[in-house]
Amino acid sequence: MNRRGLTLIAIIGLIAYLAMGFWPDVDYGHDLPKTVDFNYHIRPILSQQCFVCHGNDPSSREADLRLDIEDGAKARLGHGGKAIVEGNINKSLLIERITSDDPKFMMPPPDSKKVMSPREIALLKKWIKQGAEWKEQWAFVTPQLPKVPLLNNNPSVSVAIDYFINDALEQKDLSIADQADRNTLIRRVSYILTGLPPTIEELDTYLNDESDSAYESMLDRYLASSGYGERWARHWMDLVRYGESMGHEGDFNISNAWEYRDYLIRAFNQDVPYDQFVLEHLAGDQITETRINPQDGYNESAIGTAYLFLGDGKHSPVNTREEESDKIDNMIEVTSKTFQALTVSCSRCHDHKFDPIPTADYYAMYGMFESTRLVPKPARMPVNRLSKADELMAVKSKIRSKVGDLLLTQLESTTQEDQRTAIQKYVAQIDKSQTIELDTSLQLLADFRAGDWEGWYTDGIAFGEHPAKGDFTIDKESKKLQELGSGFATSRHLALGVHGVLSSPNFTINKEYIAVRAAGQGGTVRIVIDNFQVIQAPLWGQLKANVDDPDWKTYILDVRLAKGRKAYLEFFSGSFERHVFDIQPDDYVDVQYAVAFSGEHDIKEKILAEQYHKEILTVEPRKAIEDWVRGESSMDQTKLVGALRQEWLPDVNTAQLSNEINQLSTLSTELYDSTHFIGMMEGEAIHSPVFNRGSFDDLSDENVPHRFLSVVSAGPDSFPQDGSGRLAWAESLVDPTNPLTSRVMVNRIWHHVFGKGIVETVDNFGLQGKMPTHPDLLNYLAITFIEEGWSIKGLIKQVLLSETFKQSSIASEENTETDPNNEMLHHYPVRRLEAEAIRDGILAAAGCLDRQMFGPSVPVHLTNFMTGRGRPRVSGPLDSYGRRSIYRSVRRNFIPPLMQTFDMPIPFSTFGKRNTTNVPAQSLALLNDPFIHEQAEYWAQNILSLESASLEERINTIYKRAFSREATQDEQRQAVQFLELQAAAHGSSLEQLKDSDLLWKDYCHSIFNLKEFIHLL
Amino acid sequence: MSPINYCKHRMSRREMLTLSRNGFGSLALFGLLNPSVSQAATYKVAGGIGGGQIPHFPPKAKSVIFLYMDGGVSQVDSFDYKPLLEKENGKDPKFSVDATQFNSNGKLLKSYWDFKQYGDSGMWFSNLFPHIATCADDIAMINSMYSEFPEHTNANYYLHTGIGIQGRPSMGAWVTYGLGSENEQLPGYVVLNGGLTPPGGLDNFKNGFLPATYQASVLRPGDTPLANITPLEETSILQAEKLKFMNIMDQSLLNRIGDVDQIESTISNYELAFKMQSSIPELADLSGETAATQSLYGLDSEDKHCRSYGAQCLLARRLVERGVRFIELTCPNVGHDRWDQHANLKEGHEANAHAVDQPIAGLLKDLKSRGLLESTLVVFSGEFGRTPFAQKGKKPGRDHNPQAFSTWFAGAGIKGGVIYGKTDEYGYRAIENRTSIHDLHATMLHLMGIDHVKQTYRFGGRDIRLTDVHGHVVHGILDA
């Protein structure tokens, strides 16, 4: 029996002992570490065995005893004595308790179903004997550069890595493995950096390069290749639960989620510093140092915020508040795990049982996301085109100035009497019979006829700085200048088809309907209840109206189901059709006012009487014109100017203005952009109360201010309380004193390079996570990462330059004996490739890989087994056009089976570490999936198209494509033998079939099925 | 089971070449690969994983058949008889009404169907289920079930995974994670998809954060019951030669790099996959069943949906015989959108009931006569119930109601003829012995020998269990 068998028997034996309720009488003395360390040895025991009742959470705390903090553990207890007395196990009541067998006295108590092992007891005893030194949880302490002589010489990072690894190996009498051969190395590097096998050209270039820098040049080539971003973006997508549909019943689209995927690919390829990358995710819409796409000139930064919207969601929640709390819970979980490897979501119902994360931290984050609004934004609008907006405003100002001059001239030559007549004529035009006065039956939400935003929020440039004030616009058809009017909010403040959102402060729904006076084309008026956006039947379809009429109309939104709910109103150009946003060049929306009312009400038919500027007759005309020209007129002044202009200059298309008209005409078409993504905008600050026991309908009295995680002392001294606080939260993440951000990221990089992190639990650095195997190395890398400008590529390169990385994957027997799990990295760990790398590798080998980058996702290929609601109407092609897997659509309810079988995670939460399973469905897929067979056939045809190649050459080519090496003699022989046998099975001979793709397909198909093909050596 | 070092037992070339070349039967390749590997590569899990020694106590049930009633059967039209509804038919409800999915609540609506009492216990059944009613004395009826969600997807995830969100391990995954499969060649968790995938999709049957090994294998009616189960080679020998070649090359890889668990187990998976190519079609082939058996399940019914559901029920029995742990049946597509009758209650419920009634009764009787019912737990449940008042419309229906529904258990460890829990007099809310989905799960696990509190899996820093932090075994329906 081999070693594994023995271990298994040992474990079974141990379990048997446990089940029988007693422990073998073993002396653990020889087995204990020389110095018992609190972080490594003690806290894990206390956390596992004691914290549920003696931890951070007061609601479940027993006997008023805390063992999670030193002050608690060493304090005098109510009934006398101390749990832990430094250096004295006899006086330490903890020892008395854990060694007792009296069910009423012993700890952990029998009903907890926890059992303290003899080793754990021995460790605790030894630790107390040694003085019970308490240490802070390593992960919450800012890393210090390890005190190691080597570091004084300022070594390269890769040399330092090898130092730390070797040092740890030596301590355990382990040794590093030999270096892997060049063929193995290039295949390893290529897959790790790009997720693809090397091409034959790449292979030959490297193998033929005899210079000392051959390896480094090869690394540089892969780091610079587009495949690098595609590979590492996919890793990141696992963290932010990237999906393109919402799952649940309808599996509705998440509008243009792929823009975020492309953003990631570009960001990794451009090696955006990680701190910038983090800032962009949480506050890309707010940071001042925005990143401009070097090629196409658009603002990249804001697209990072799209990650928040990529979770699942349902279309008709009966309780929107509950849905909101579930969605925000997911945002908290994903954000805290991704950036801090902390499980803040465990603090939803009570203070974290293990980590120092109070419930208030959870609700501080809750308030941050609750204050964040998700809106459509232009994705790839060049910044220099945005500057056209300024030009356009300048032209408009010029027009105002010229019109103003004309009016002033007229004013000179007109008597006051005539002026008054003109104004009175205008006033007389106002039809009061159709108006209705504001009274208590109406709740005014906004009246833009007053001329300002009244505290509303704008996003994008469409709505400008104030409602329309007698500006001019170009009529698209006639190309003529016309007055836009005044006294309403408008998205065509600049031009038609401009992206932008106008949204209200929060208010509580206490009426049954909302009336919105609006006009437009392809515009939207909607109400967002509890941040719920998936507006449609059966319950919530009445929450929005598409505005598609250039004449003023009153749109009625039915909010009867939402009484008592928090809400805001939102207007934007463009519209959602089945949850996909679309904006056309002529789209706009104008809004005069919005009021809430109940029951039948005249407001449906009548117009709300204007509450303002009734003083038009008392306005001084000259000043009004001058103020208007400067763009500073009040609404009364604006109206007066409008009245005069109507009288004196009914058609503004005069020869004097022809230049400006032409300029305006051209500029008006340049602000349209068809691209979009759903990203964050700021709304009204909400400070959430704590939900008692996590229940959304049981709220505490006090609201939690916005703040960063309390265990981490990083970020601004005074945390801003207006807005969402996202920017300050993000700044706290990238503050160099934040003990987690850098460590978490370098650990993720290490994980992807070696298949296992220095901290194995890559998404949990809390007390329930694993301890680092190489703490000094982790600290060193974390500090270096920041010092080197947070360069991900830079760090990856250094790791790949290390001898540690270049080791062969063959383990020596001695090393394996000592360290069977390869914790210390005494060889490079063999591992199975990820689902995407397997599929992409197949396409690459077969010569069918299409390297086209970016763009909308390729629809998923549907099999008969992929059923259920929301099934796409059209199936994508079997081979997804040969595109890389990252460009295939990620529909939550229709994930490609091949991907799922090979452990691509279901995107519901952060998955920094994928499972690697072995299931027969994987073998069945590689054996019988039509896609695999099809690719084998293409590969065969491809191989046969090589001119006058011998059998041997064909086999070598296949080997080079699949394994980055030539076949050995034995492999050549086996191949020929297989071809012979298979030809016979086809009822023929190799001689006859040697150029037949039928035969070669069988061979290529077998190659796909070899374990070497789907593993990284 | 003792894992044996694969490398040291590699076969000689001569042994390889003695391979029979006649056909695809599992015997054909038996011995092609190392027999010791074939032992390692099975669905069978020795002992238990995930929570110490599983089973925690002697199990009553070896297998579970979960009859999922997609969309929500109306309790007041099936098993929960409410005479008051007849009296107050057409009146406004006197009780306070929760928000509903369609918010189109009408008057109280009496049942279209007559109720009668059956069996020694006098259990009520409406005449929607005349066949199942004859099994009353084997059934423990819980009339006081409630859920937390009035929407299908959350309620489905809740019913299947114990939590109302997407992505968590399904109950079948938890069971197989704990117990493995009794059969080496079949997965431990099988979903028989009779036509309808529940809202929320295949995620109802997934492994969540558990290893993918524990996800359901979805079998469909037809020639290809399982994805990729049918070889595409024209003859069996063409695939066999490939497998042989792969094995040689894979072994030479192991020779080169040494024992690597990951690669060894990948190799052994091929053995199992190969066997499944014959065991799955054999399993799905019902032609060997007697005419009497087929008839018992309704395979000779004039109703094609009854025939198709009957075939699934029969297949479920065959899976139980083969030691599969957890079998879920989804509903046939009778053309009325599952049991989800927001409108057209009468026609919809009748068509659904007719499709499943005889097959389910047939299954219970067949299991019983073969002595399998004592080791098989059969559970009949929707994700929630329906309102006792109508959903407005020309042909009225009933809206979702998570506050009350009926679920029944039969078989292993279940006390037949028990009626457990009560709803109010309208059947709107469970009021006595209220039984949650967590309780259902706890009871199910209990009967399989698993303490639901002890079976945990560490994910995201928490030890997570199927029942979250809730759940009590419903002892009132258990055989003492």
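Author: Buried means under 20% relative accessible area, exposed means over 50%, and partly exposed lies in between (1.4 Å probe, protein chains only). This is a predicted model: local features need pLDDT of at least 70, side-chain atom pairs count only at pLDDT 80 or more, and totals for chains, interfaces and linings use all residues. Residues are numbered from 1 along each chain as its sequence is written, chains are lettered from A and ligands numbered from 1 in the order in which they are written, and side-chain values use heavy atoms, without hydrogens and water.

Reader: Why is Arg322(B) called partly exposed?

Author: Its relative accessible area is 22%. That value falls between 20% and 50%, so Arg322(B) is partly exposed.

Reader: What makes Arg322(B) and Glu321(B) a salt bridge?

Author: A salt bridge needs a side-chain nitrogen of Lys or Arg within 4 Å of a carboxyl oxygen of Asp or Glu. The N to O distance between Arg322(B) and Glu321(B) is 3.9 Å, so the pair counts. Glu321(B) is partly exposed too, at 36%. Shared partners join Glu282(B), Glu289(B), Arg317(B), Arg318(B), Glu321(B), Arg322(B), Asp366(B) and Arg370(B) into one network of salt bridges.

Reader: How many salt bridges does the rule give over all chains?

Author: It gives 97. One of them pairs Asp590(A) with Arg492(A), whose closest N and O atoms are 2.6 Å apart.

Reader: Why does the pair of Asp590(A) and Arg492(A) tie together separate parts of the chain?

Author: Helices (H or I, at least four residues) and strands (E, at least two) are DSSP runs, numbered from the N terminus. Asp590(A) sits in strand E17 (residues 588–597) of chain A, and Arg492(A) in the loop between strand E7 (489–490) and strand E8 (500–503), so the parts it ties are 98 residues apart in sequence. Both residues are buried.

Reader: How do you know whether Asp840(A) is buried or exposed?

Author: Its relative accessible area is 2%, under the 20% limit, so Asp840(A) is buried. Arg884(A) is buried as well, at 4%. The two form a salt bridge, with closest N and O atoms 3.1 Å apart. Asp840(A) is in helix H28 (residues 835–846) of chain A, Arg884(A) in the loop between H28 and helix H29 (897–901), and the pair links parts 44 residues apart.

Reader: What makes helix H13 of chain B enclosed?

Author: Ten of the eleven residues of this helix (residues 437–447) are buried, so the rest of the structure largely encloses it. Among them are Ile437(B), His438(B), Leu440(B) and Met444(B).

Reader: What reaches the backbone nitrogen of His438(B) at the start of H13(B)?

Author: A side-chain oxygen of Ser436(B) does, to within 3.2 Å. A polar contact is a pair of N or O atoms within 3.5 Å; within protein, one must be able to donate a hydrogen and the other to accept it, and residues adjacent in sequence count only if both atoms are side-chain atoms. After H13(B) comes Gly449(B), with a positive phi near 85°.

Reader: How much area do chain A and chain B bury between them?

Author: About 7,300 Å², 59% of it on carbon and sulfur atoms. Phe865(A), Asn918(A) and Lys1011(A) supply 11% of the area that chain A buries against chain B, more than any other three residues. Buried area is the accessible area (1.4 Å probe) that two parts lose on being put together, summed over both. The contact takes 78 residues from chain A and 88 from chain B.

Reader: How many salt bridges lie between chain A and chain B?

Author: The count is five. Arg869(A) and Asp337(B) form a salt bridge, with closest N and O atoms 2.6 Å apart. H33(A) gives the largest share of the side of chain A that touches chain B, eight residues.

Reader: What share of chain A is buried?

Author: Buried residues make up 60% of its 1017 residues. Chain A has 36 helices and 23 strands.

Notes. Contact = heavy atoms within 4.5 Å.
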